[in-house]
Amino acid sequence: MEILENKNVEVNSSKYKRKVCVTGASGFLASWLIKRLLLSGYHVIGTVRDPGNQNKVGHLWRLQGAKERLHLVKANLTDEGSFDDAIMGCDGVFHTASPVLGKPTYDLTAEILKPAIDGTLNVLRSCKKNPSLKRVVLTSSSSTARVRDDIDPNIPLDESSWSSVELCQKFEIWYVLSKTLAEKAAWEFCGQNNIHLVTLLPSFIIGPSLPPDLCSTADDVLGLLKGKTDKFDWHGRMGYVHIDDVALSHILVYEHPDAHGRYLCSSKVLDNNQLVSILSERYPSLPIPKRFKKLDRPHYEFNTLKLENLGMKFKSIEEMFDDCVAFFKDKGLISSI
Ligand SMILES: NC(=O)c1ccc[n+]([C@@H]2O[C@H](COP(=O)([O-])OP(=O)(O)OC[C@H]3O[C@@H](n4cnc5c(N)ncnc54)[C@H](OP(=O)(O)O)[C@@H]3O)[C@@H](O)[C@H]2O)c1
């Protein structure tokens with residue numbers, strides 16, 4: 001097991017695929033992406049805020065191929081130049097790190113906006129310094145496309161749709177604002193600096209968690225399966241996607257020679273009441289809420305043909321929740337009866 005702090009790692013092997021960097025390696029999605037990258041033969045440089053924190057990184061070292069082909073490097077989105085060493089010499093960068101918080105506890109700019117927007121530019125400035133860089137994949141969010149007050153319910157939203165900054169500010173939807181402004185800033189910077197950027201826009205990610213502590217979205221799902229309504233009340237209508245499909249989609253848009261622009265990544269959009277009806281029928285022993293109040297929100301669907309045309313096939317709602325419920329049961333977080 002090797003833990004490196006801000007040391008550039010040289011990889012010379014023709015047997016394996018080349019080196020890529022994943023920012024925010026200890027996160028819910030990044031951990032699964034690293035699992036998939038290692039399985040498909042990549043050398044992975046993962047950035048974490050604290051490589052010595054075994055609670056945050058222990059699960060990464062247990063991944064197949066990690067001891068041979070994973071290196072962890074310390075980096076923080078808010079420290080200028082922090083990603084230079086991790087990114088130098090990599091062919092590709094997957095930038096997943098971003099604060100996933102609904103509300104700031106004390107300072108909106110410091111906790112959410114700055115790490116998301118300035119942090120993305122910080123990572124991209126490191127990319128610009130790397131002459132061997134081929135492509136950057138930025139994990140954006142389907143929320144950057146769906147917060148609008150002019151949606152035509154008959155036309156599914158596609159990658160040309162952008163959330164309204166004014167609406168996000170008016171309703172204080174800070175996470176969506178941070179992701180929207182971060183993705184826009186990334187497009188502008190990469191356009192000016194000739195960096196090949198592809199962005200992936202996952203909807204709500206469902207599935208087993210590799211890190212021992214649940215991230216906020218996985219915790220929301222656990223709450224729903226235990227009968228809580230508070231978090232999902234606000235969600236109203238939402239797209240859902242299996243975590244493995246999100247990881248595979250990152251690799252697909254990184255590897256596919258024709259990949260360009262933005263890619264919505266979502267299996268199915270459901271109202272809360274449709275979701276709980278499917279879930280309570282499928283898992284009758286779980287105290288899943290019966291009904292949610294109907295919110296006055298526009299109806300929308302996602303058009304995901306762009307990603308499907310590259311070869312992506314999405315798992316169903318049933319498959320993603322079966323895997324998620326099995327995981328929670330296995331961990332003793334919900335009753336296994
Ligand atoms: N979960 C979803 O449903 C969903 C849907 C669409 C898009 N996304 C996007 O997917 C990405 C990963 O989210 P996730 O669900 O996997 O959540 P997560 O587990 O909370 O991962 C977020 C990662 O960002 C890192 N991070 C936050 N602030 C940082 C900073 N200042 N410097 C360095 N790293 C920092 C965190 O590091 P620490 O571990 O040190 O805190 C963590 O590794 C995010 O870009 C998110 O917006 C998620």
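Residues are numbered from 1 along each chain as its sequence is written. Because the model is predicted, local features need pLDDT of at least 70 and side-chain atom pairs count only at pLDDT 80 or more, while totals for chains, interfaces and linings use all residues.

Let me start with the annotated region. An unreviewed UniProt entry carries the annotation "domain: NAD-dependent epimerase/dehydratase" over residues 20-260, and such annotations may be inferred rather than shown by experiment. Over residues 20-260 the chain is 45% helix and 16% strand, with the end C-alpha atoms 18 Å apart; helices (H or I, at least four residues) and strands (E, at least two) are DSSP runs, numbered from the N terminus.

Now to the ligand, which 26 residues surround, the closest being Gly24, Gly27, Phe28, Ser98 and Cys215, where a residue is near if its C-beta atom, placed from the backbone, lies within 6 Å. The elements giving two or more residues to this shell are α1 (28-39), α5 (108-128) and β7 (204-206), and α1 gives the most, with three residues. By class, the shell has twelve nonpolar, eleven polar and three charged residues, with Ala, Val, Leu, Ile, Met, Phe, Trp, Tyr, Cys and Pro counted as nonpolar, Asp, Glu, Lys and Arg as charged, and the others, Gly among them, as polar.

How do α5 and α8 pack? Helix α8 covers residues 174-193, and α5 packs with α8 at an angle of about 20 degrees, with their axes 9 Å apart; axes are lines fitted to C-alpha atoms, for helices over the stretch in contact, and angles run from 0 to 180 degrees between N-to-C directions. The two are therefore roughly parallel to each other, a term for angles under 35 degrees, with over 145 roughly antiparallel, 65 to 115 roughly perpendicular and the rest oblique. Their contact has 15 nonpolar, three polar and two charged residues.

Turning to α1, this helix packs with α11 (residues 243-255) at an angle of about 60 degrees, with the axes 9 Å apart, and that makes α1 oblique to α11. The contact of α1 with α11 divides into nine nonpolar residues, one polar and two charged.
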